Amino acid sequence: MKPLSHQTIRRLELAARKAADSAYAPYSNFKVGAAVLGGSGKIYRGCNVENASYGLCNCAERTAIFSAVAAGERTLKAVLVYTPTPTPTMPCGACRQVINEFGPQAVVISLCNSSQRRTRLLPDLLGDAFGPGNLAESSPQRRNPPAVH
Ligand SMILES: [Zn+2]
């Protein structure tokens, strides 16, 4: 995969920082912004959205990814996470799994309010991942879709 340009990373960073301003985090007060680069080249942003029923909280990364998918994207090239903290925060396990669905080779970048940053490839964050290929192996219908008449 072609490395991301400095300009693209900067665009992702600005989108993620803006998204963090919209975070709804009254319980944890841990605001997160994310931006994803879709296969089309468009950028989508998302923030964490908490809920009084804690189990219903949604991470910024998944909010951004679901927005991208809702807009028609089916592949992701990169995910950038921003937290207004002294150290970078990497995506949680659930988000890593969701990134894998659309961007198994995605670049994952984490930025914060210091100069620290982390850049990884998704396979380094989610080794031997379960994914769409596992289901295709077990489903004859997925291997041989019915003919359209
Ligand atoms: Zn998450």
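Strand β1 (residues 33-38) pairs with β2 in the antiparallel sense, over five bridges; two strands count as paired if DSSP finds at least two bridges between them. Strands (E, at least two residues) and helices (H or I, at least four) are DSSP runs numbered from the N terminus. The model is predicted: local features need pLDDT of at least 70, side-chain atom pairs count only at pLDDT 80 or more, and totals for chains, interfaces and linings use all residues. Residues are numbered from 1 along each chain as its sequence is written.

The whole sheet is open, with five strands in the order β2-β1-β3-β4-β5 and mixed pairing. Its edge strands, β2 (43-47) and β5 (117-121), each pair on one side only.

Helix α1 (residues 6-21) packs on this sheet and touches β1, β2, β3 (76-82) and β4 (107-111). Its direction makes about 140 degrees with that of β1; axes are lines fitted to C-alpha atoms, for helices over the stretch in contact, and angles run from 0 to 180 degrees between N-to-C directions. Helix α2 (residues 60-70) lies across β1, β2 and β3, at about 140 degrees to β2.

Val-32 sits in the loop between α1 and β1. Val-32 is classed as buried because 25 other C-beta atoms lie within 10 Å; the class requires 20 or more, while 12 or fewer means exposed and values in between partly exposed, with C-beta atoms placed from the backbone. Beyond its neighbours within four places in sequence, its contacts include Ala-20, Cys-47 and Val-81, a contact being two such C-beta atoms within 7 Å.
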